[in-house]
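This briefing goes through one structure by topic, from the contact between chains to single residues. Please keep the sequence and the coordinates at hand while reading.

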There are 2 protein chains.
Amino acid sequence: MNVVVVGAGAWGSVFAALLRDRGHRVVLGCRNEGRAHDLAPVYEGIDVVAMADAPVGEADLVVVAVPSVSFAPVVGALKGNVPVLSLTKGLDPLTGARLSTLIADRLVAVLSGPNLAQEVSGGLPAAAVVASSDRGFAAELQAAITSALFRVYVNDDIVGVELCAAAKNVIALAAGAVDGLGLGDNAKAALVTRGLAEMARLAGRAGGRPETFAGLAGLGDLAVTCWSPLGRNRRAGELLAAGRSAQEAAVLIGTVEGITTAPLLARLAHELGVEMPITEAVCAALAGAEIAELVPRLMSRDPTTE
Amino acid sequence: MNVVVVGAGAWGSVFAALLRDRGHRVVLGCRNEGRAHDLAPVYEGIDVVAMADAPVGEADLVVVAVPSVSFAPVVGALKGNVPVLSLTKGLDPLTGARLSTLIADRLVAVLSGPNLAQEVSGGLPAAAVVASSDRGFAAELQAAITSALFRVYVNDDIVGVELCAAAKNVIALAAGAVDGLGLGDNAKAALVTRGLAEMARLAGRAGGRPETFAGLAGLGDLAVTCWSPLGRNRRAGELLAAGRSAQEAAVLIGTVEGITTAPLLARLAHELGVEMPITEAVCAALAGAEIAELVPRLMSRDPTTE
């Protein structure tokens with residue numbers, strides 16, 4: 001396959017290497033020309049170019065791996081009708097829409113799961129889900145991507161997978177705050193459990209399936225994002241708990257999707273009439289509320305049935 | 001309430017202190033007289049006695065917090081018909097039965113959740129589920145136990161809660177082996193996701209409810225058991241991966257419920273016709289199979305739909 005990967009952040013670059021290792025011809029398009037120059041010698045066998053020079057028209061597949069804020073402009077500039085696989089986890093910042101809906105006229109799939117780029121890059125095993133409403137396309141991608149170390153499962157619940165991918169970063173901010181406040185793993189596990197429940201409520205209302213939330217793109221990705229010391233969103237939550245602002249956290253860490261996604265997710269939840277107390281608390285913290293007061297308040301909601 | 005807590009291991013002792021702090025009169029019964037002597041000065045306001053001397057007949061509630069291998073003899077020796085709350089996580093080693101079924105003639109409830117004793121003891125917040133087929137009894141216990149730092153939710157799915165509590169220790173052994181082999185958090189998250197799925201399959205077949213598996217006693221407890229460095233079963237899995245035998249791990253760590261539970265769980269799965277590949281792999285490892293070969297084999301099962 002001729003593949004263009006658009007976006008040369010950690011995951012885009014590592015994913016390009018996975019595809020190269022499976023024998024595909026891969027062009028990696030960087031938004032930044034300097035980065036293209038830096039990456040070229042690192043990724044042997046991958047053609048690293050400036051994004052504007054990526055031969056999208058000749059590709060069999062475009063993999064989009066840019067931050068959610070860049071997704072709409074990047075896919076808007078894609079010429080032709082090449083199928084797209086999205087690795088981006090978030091919502092469209094302008095409209096709050098699921099990102100795949102911005103290219104509903106194309107064949108589109110999303111890939112998600114517990115996939116810390118540093119681990120995959122280091123040759124450690126991982127698994128992911130490819131979701132598309134077109135099962136044939138998902139199956140083709142599965143065959144094209146799966147290797148001994150990177151296992152791909154297919155799923156036709158693109159709504160569930162995309163909403164999981166967006167929401168888990170918001171819950172991870174809260175989990176990072178629990179870490180930052182030193183509240184321990186019991187509290188974090190309770191928060192993650194409630195977090196997965198609110199993710200499932202939202203996606204259920206939006207038409208997603210409950211199994212997706214119990215799967216790799218839901219529980220799997222949420223767990224790794226909340227526990228791995230490598231997770232950016234978890235680390236941003238720690239900084240918030242230490243009194244840093246969301247802006248400072250973003251400067252220190254780089255792209256923190258949960259910060260962009262939280263208010264969009266809260267708005268979606270409000271529109272769909274779904275309660276998402278953890279997401280609401282994260283929004284309040286991002287707006288400057290005292291985080292040391294928010295977490296205990298979440299913990300002390302009236303005990304009730306599960 | 002007059003409460004007798006039977007079993008003065010880490011969790012039994014800490015739970016006794018929680019009840020004391022809620023104003024109950026608490027007697028803590030130790031199986032070992034020396035331990036009773038050692039603990040007495042530590043737990044102010046708790047009457048620490050040898051188990052045989054515990055005034056079970058005058059209690060309003062007996063809390064059983066012994067290892068699963070001691071559950072049957074301990075409850076068999078309980079006089080009268082006092083209601084029982086079980087904290088024990090495992091199956092009956094003789095029959096493979098859920099532990100609460102051994103006292104089906106009494107009012108019985110089980111408490112489970114992400115409750116690392118060291119954290120609760122240190123005053124960190126936690127949450128748990130109390131399950132009983134008698135919702136009134138569960139609600140009474142909820143009111144008696146809940147505090148600002150220890151939140152209790154009720155649930156009438158005692159089958160699901162008990163099977164979660166037993167099975168999560170087996171999955172945690174596998175998660176520890178993933179840690180021991182240095183396979184990373186992506187692989188562990190994938191394993192935990194598949195582990196929760198096999199727990200849910202088993203309990204569903206046995207009459208438990210899927211919500212329980214997504215809740216505190218399922219996902220919550222599984223997550224903390226698989227990620228906290230404090231978890232005994234996870235640590236035992238690390239030792240297995242390092243080439244130690246199950247016996248050695250038990251000597252080094254103390255009670256490792258997953259080691260006792262794994263073959264019982266596999267037998268139950270077989271009887272119910274449920275596939276539990278991770279549990280099977282743990283049984284093989286406990287029987288001496290090369291763990292470095294088992295984990296990759298689990299990872300490389302045919303990719304398919306989720």
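A salt bridge is taken here as a side-chain nitrogen of Lys or Arg within 4 Å of a carboxyl oxygen of Asp or Glu. By that criterion the count between chain B and chain A is zero salt bridges, although a search of the whole structure finds 22 salt bridges over all chains. The model is a predicted one, and the values below are computed from it.

**The interface between chain B and chain A**

- On the side of chain B, 47 residues are in contact with 48 residues of chain A.
- The two chains bury about 3800 Å² between them, and 60% of that area lies on carbon and sulfur atoms.
- While salt bridges between chain B and chain A number zero, there are 10 residue pairs in polar contact between these chains, counting pairs in which both residues have pLDDT 80 or more.
- The side of chain B that touches chain A draws at least two residues from each of helix 4 (117-121), strand 7, helix 5, strand 8, helix 7 and helix 9 (216-227) of chain B.
- Helix 7 of chain B supplies the largest share of that side, namely nine residues.

**The sheet of chain B**

- Chain B holds an open sheet of eight strands in the order 3-2-1-4-5-6-7-8, and the pairing within this sheet is mixed.
- The edges are formed by strand 3 (47-50) and strand 8 (150-155) of chain B, each of which pairs on one side only.
- On average, and with direction ignored, neighbouring strands of this sheet are turned by 25° against each other.
- Strand 5 (residues 84-86) and strand 6 (residues 108-112) of chain B run parallel and are joined by three bridges; Val84(B) has Val108(B), in strand 6 of chain B, as a bridge partner.
- Helix 5 (residues 135-145) of chain B packs on the sheet, where it touches strand 4 (61-64), strand 5, strand 6, strand 7 (126-131) and strand 8 of chain B, and its direction makes about 175° with that of strand 8 of chain B.

**Salt bridges within the chains**

- In chain A, Arg98(A) and Glu162(A) form a salt bridge whose closest N and O atoms are 2.8 Å apart. Because Arg98(A) lies in the loop between strand 5 (84-86) and strand 6 (108-112) of chain A, and Glu162(A) in helix 6 (residues 158-180) of chain A, this pair ties together parts that are 64 residues apart in sequence. Glu162(A) counts as buried, since its relative accessibility is 6%.
- In chain B, the side chains of Arg98(B) and Glu162(B) meet in a salt bridge at 2.8 Å, N to O. Arg98(B) lies in the loop between strand 5 and strand 6 of chain B and Glu162(B) in helix 6 (residues 158-180) of chain B, so that parts 64 residues apart in sequence are tied together by the pair. Glu162(B) is buried, with a relative accessible area of 7%.
- A salt bridge of 2.8 Å, N to O, also joins the side chains of Asp156(B) and Arg209(B). Since Asp156(B) lies in the loop between strand 8 and helix 6 of chain B, and Arg209(B) in the loop between helix 7 (184-206) and helix 8 (210-213) of chain B, the pair ties together parts that are 53 residues apart in sequence. Asp156(B) is partly exposed, with a relative accessible area of 27%, and Arg209(B) is likewise partly exposed, at 34%.
- In chain A, a network of salt bridges links Arg135(A), Asp156(A), Arg209(A) and Glu211(A).

- Ala126(B) is found in strand 7 of chain B and is buried, with a relative accessible area of 0%. Leaving aside neighbours within four places in sequence, the contacts of Ala126(B) include Asn186(A) and Met299(A) from chain A, as well as Pro114(B), Asn115(B), Val120(B), Leu149(B), Phe150(B) and Arg151(B). Between Ala126(B) and Asn115(B), which are 11 residues apart in sequence, the C-alpha to C-alpha distance is 6.4 Å.
- Gly180(B) has its place in helix 6 of chain B and counts as partly exposed, at 40% relative accessibility. With neighbours within four places in sequence left aside, Gly180(B) is in contact with Glu238(B) and Ala241(B). Gly180(B) and Thr279(B) are 99 residues apart along the chain, and their C-alpha atoms are separated by 18 Å.

Notes: Residues numbered from 1 in each chain as written. Chains lettered and ligands numbered in written order. Predicted model: local features only at pLDDT ≥ 70, side-chain atom pairs only at ≥ 80, totals over all residues. Heavy atoms only, no water. Pairing = 2+ DSSP bridges. Helix = DSSP H or I, 4+ residues; strand = E, 2+ residues; numbered from the N terminus. Axes fitted to C-alpha atoms, helices over the stretch in contact; angles between N-to-C directions. Contact = heavy atoms within 4.5 Å. Buried < 20%, exposed > 50% of the residue type's maximum accessible area, 1.4 Å probe, protein only. Buried area = accessible area lost by both parts, 1.4 Å probe. Polar contact = N/O pair within 3.5 Å; in protein donor to acceptor, adjacent residues only side chain to side chain.
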